[in-house]
Every structure is written in C-alpha cells, then in structure tokens.
Amino acid sequence: MKSPRSRLSVNRTPRDNAPRTTTKPAAPRHASPRKPELAPEDRKLLLLNKPYMVLCQFTDEAGRETLKDYIKEPGIYAAGRLDRDSEGLLLLTNDGKLQARLTQPGEKTPKTYWVQVEGLPSEEKLAALRAGVELNDGMTLPAGARIMDAPAVWPRNPPIRERKEIPTSWLEIKIIEGRNRQVRRMTAHIGHPTLRLIRYAIGDWTLDGLAPGESRALPAPELAPSSSRSPRPSSSRSGAHTAKPAKPAGDAPRRASQPRRDERPRSTHPTERSTSSPTGGKTRSSGRGTARRPARAGNPNSNDKGS
C-alpha cells in the first residue's frame, strides 16, 4: 500500500499546512529611559588649549597623552575633534544638545585656523581656496583664506622642520566643514604643505588668554528644545492679529449672485440642446434673474424650446 500523503491546499504554502502551535506574544521591549535634560545651571562648557601630540580622547591603550592628563572635570566630552599633531582650541561639554550643535554639519559653525605653510602662496592659489578645491572626497566649500603676520604664539616642542632655501608663511583659513585633516589637505593641494596648525577659534570662542594645556570654564548657553518653543504671533502695523477659525464648507452662506449648480439658468441658443426640467418637463427661462420661474406656455416672447 502507498503511504498516505499529506494534501496540500492550492491556496496555501507548505509552511501553512504545518501544525500550528500557539505561542504567547513576546512581551514588548521597553525603551531605555531617556536621560533627564540638564538644568541651565548644571550645563558645563570648557575651553581647552590642546597641546601638540595630545590625543583628543580620554583613554589610550598605548599610554600616550590624552585629555585625561589635562581635564579633571567628570562627565564632559569633546565637542568635535582636533588631530593629535594639531594644537589649539577644543570645546568640552556635558550638554549633548550643545555638542550636537557644534559638530553637526548642518549647523555650519565656522572654525578659524592659523596655519604655517612652506613657501608663500600666490593670490591665485589663495583664490582657489576661497572658491573650493577638489579633494579625494569631493569639492570643499568656499573658505576664507588670507596671508597673516606671524602670530605671537608659544614655541612648539619639538619645533617644525625648517629649510634655509624655503621660507615659511602664516595663513588664516576659515572653514565650516569638518573633514578629516581637511586644512592640511587643502594647503597641500595648492602646493604648500602645512608645517604647523593651530585652531584659534570655534564660532565666537577663541583661545585668547589660554596657554597650552590650560582650560577655562564658561557658562554654557541655554539650548531650549525646538518643540517647546512657542510660535511667534503674527502681527501687523495696527497690532496683533488673530486668525478666525475657518467654518465648515457646508455651513458657509451662499452668495445671492452665485446660484447653486442646479439653479443656474441654462443657455437657450438655437444651436444648443435644451434640457428639460426634472419636474415639469418644461425648459427653464433664460432670464437673468436667479429665481426659478417656469416659462408660460402661451408667452410668445419666450425663447425656450420644448425638449
């Protein structure tokens, strides 16, 4: 005898024919509770003049210098990064919203760099930086670029390499992007490699009065969430204006000069077809009035024709 075969339904897949087991629905996973927003008095903002060859992080397995060697304040993190071989201004905060505002590309926070390069760039090469140059990761946005006098800054240890036959010059470069080693790649693109790079400013914050390794605490700006901001009332010259609530379409009064669609007079031109009235079988009057009046049967001046 042939072994009985399981019958498959035409409209069902083999998986649907498998014996069904009743399982309890999985319990919903509760999202981790959000951290409470910081009160304005609890927000912290530190300005640090990061020294040369210090990692922009708090730990390092290789034992190199990190921010931990200079910052003892707990619970704060760097808002943005600065290369290990770069110096200058670094912002640290415990406010996540402030950190996002300073690091997100859409915010376009300007950053000012003092850059010591080999040689003296021509005005044509500086104009290329102002217009944007093509790097391996795309075109750069227009930047500010000018030759500046040598700033009165601290000596670097170890000092930069110097060549007697090649002079050096200082540039002030302002960008709103934050690509990896962007300023160094920009100066190399125009044929003037960077020898020393100092970030002088981020937005309106500068490193004035800060020696390498020193930090200064500032009151962090209050960042109200966008959802809690109340919209501004629209105003006119005569004062505030409050919009009236719109009435439903069905309750809006109809103008006397605009009859309803089924009440509008219809054309009685001889070349057009006449339409009969839905009630009396007679055509409607072609007068200009808006009231419906049936045409008199014996009126010789009537232009209406029977259907």
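Residues are numbered from 1 along each chain as its sequence is written, and side-chain values use heavy atoms, with hydrogens and water left out. Since the model is predicted, local features need a pLDDT of at least 70 and side-chain atom pairs count only at pLDDT 80 or more, while totals for chains, interfaces and linings use all residues.

The mean pLDDT of the protein, where pLDDT is the predictor's confidence in each residue on a scale from 0 to 100, is 76, and 59% of the residues reach 70 or more. Over residues 224–257 the pLDDT is below 50, and this stretch has nine contacts in the model beyond near neighbours in sequence, a contact being defined by heavy atoms within 4.5 Å. The pLDDT also stays under 50 over residues 297–307, for which the model has 15 contacts beyond four places in sequence.

The secondary structure comprises four helices and 13 strands, taken as DSSP runs (H or I over at least four residues for helices, E over at least two for strands) and numbered from the N terminus. Of the 307 residues in the protein, 29% are buried; here buried means under 20% relative accessible area, exposed means over 50%, and partly exposed lies in between, with a 1.4 Å probe and protein chains only. Among the contacts with a separation of 6 or more, 67% are made by residues 24 or more positions apart.

Rolling a probe the size of a water molecule over the atoms shows where empty space is left. On a 1 Å grid over the protein atoms alone, a cavity is a set of points where a 1.4 Å probe fits but cannot get out, whereas a pocket is an open set with protein on both sides within 12 Å along at least five of seven lines, and lining residues have an atom within 4 Å of a point. Grid points are joined across faces, edges and corners, and a volume is the space filled by probe spheres set on the points. The largest pocket holds about 640 Å³ of space, and of the 32 residues that line this pocket, R81, K111, E177, G178 and R179 are the closest to its centre. At least two lining residues come from each of α2 (96–103), β4 (111–118), α4 (182–189) and β9 (194–202). By class, the lining of the largest pocket divides into 14 nonpolar, eight polar and 10 charged residues, with Ala, Val, Leu, Ile, Met, Phe, Trp, Tyr, Cys and Pro counted as nonpolar, Asp, Glu, Lys and Arg as charged, and the others, Gly among them, as polar.

Two cavities of 30 Å³ or more are found by this rule. The second largest cavity has a volume of about 40 Å³ and is lined by E118, R161, E162, R163, I166, T168 and L195, a set that divides into two nonpolar, one polar and four charged residues.

Helix α4, which contributes to the lining of the largest pocket, has Q182, V183, R184, M186 and T187 as its buried residues. These buried residues pack against β4, α3 (123–131), β5 (134–135), β8 (168–175) and β9. After α4 comes G191, with a positive phi near 90°.

Most residues other than glycine have a negative phi, and most peptide bonds are trans. In the loop between β8 and α4, R181 has a positive phi near 50° and is partly exposed, with a relative accessible area of 32%. M53, in the loop between β1 (45–50) and β2 (77–78), likewise has a positive phi, of about 65°, and is partly exposed at a relative accessible area of 28%. The peptide bond from N157 to P158 is cis, with omega near 0°, and P158 lies in the loop between β7 (144–148) and β8.

A150 also belongs to the loop between β7 and β8 and is exposed, with a relative accessible area of 59%. The C-alpha atoms of A150 and W170 are separated by 5.9 Å, although the two residues are 20 residues apart along the chain. N94, in the loop between β3 (87–93) and α2, directs its side chain to the backbone oxygen of D42 at 3.0 Å and to the backbone nitrogen of K44 at 2.7 Å. Leaving aside neighbours within four places in sequence, N94 is in contact with L38, D42, R43, K44, G75 and I76.

Note on methods
A polar contact is a pair of N or O atoms within 3.5 Å; within protein, one must be able to donate a hydrogen and the other to accept it, and residues adjacent in sequence count only if both atoms are side-chain atoms.
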